[in-house]
Amino acid sequence: MIRTTDQAMMELALDEARGAAAHGDVPIGAVVAHHGQVIARAHNRREHDHDPTAHAELIALRQAATVLGKWRLTGCTLYVTLEPCAMCAGALVLARIDRVVYGCDDPKAGACGSVMDLVREPRLNHRIEVARGVLAEACGQLLKEFFADRRTMQGQFANRPY
């Protein structure tokens, strides 16, 4: 179920995503809200930090846990521009997030309903409410532009002898 604050929070996540693109990372942004108040914001930093786990969601979860002073993030909603992958979805379950709201589906690696549904897996001890498609067009467009630019840049170097 989409709520009135979801679009405003997703706009903040989109702002974060643009920050990732500015330093060459895939433009994914995340925001954690605790009872409607923003407590964490992050964007992908895999390229920047040389860290395969530096996904926006994980960085935002760490920040939120620090702010709240606990690892159980009950009362929190994660807003993210792209459907979380299995690693991030697993972390969301372990953190006891109440709700995840995402922009566009990830048909290759999405773990909140597209490829698999880890966050609502009945065999796990926690399930998460999911709202999908919030500002999906804007979130998807940001990713399309980023990858189109990357392909153009790679083409510029294709005929170099080194």
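Author: Two strands pair if DSSP finds at least two bridges between them, and helices (H or I, at least four residues) and strands (E, at least two) are DSSP runs, numbered from the N terminus. This is a predicted model, in which local features need pLDDT of at least 70, side-chain atom pairs count only at pLDDT 80 or more, and totals for chains, interfaces and linings use all residues. Residues are numbered from 1 along each chain as its sequence is written, and side-chain values use heavy atoms, with hydrogens and water left out.

Reader: Which residue in β5 stands opposite V100?

Author: Strand β4 (residues 99–104) pairs with β5 in the parallel sense, over four bridges. The residue opposite V100 is V130.

Reader: Is L12 buried or exposed, or partly exposed?

Author: L12 is found in helix α1 (residues 6–22), and it touches V31, V38 and R41, where contact means heavy atoms within 4.5 Å and residues up to four places away in sequence are not counted. Buried means under 20% relative accessible area, exposed over 50%, and partly exposed in between (1.4 Å probe, protein chains only). Because its relative accessibility is 24%, L12 counts as partly exposed.
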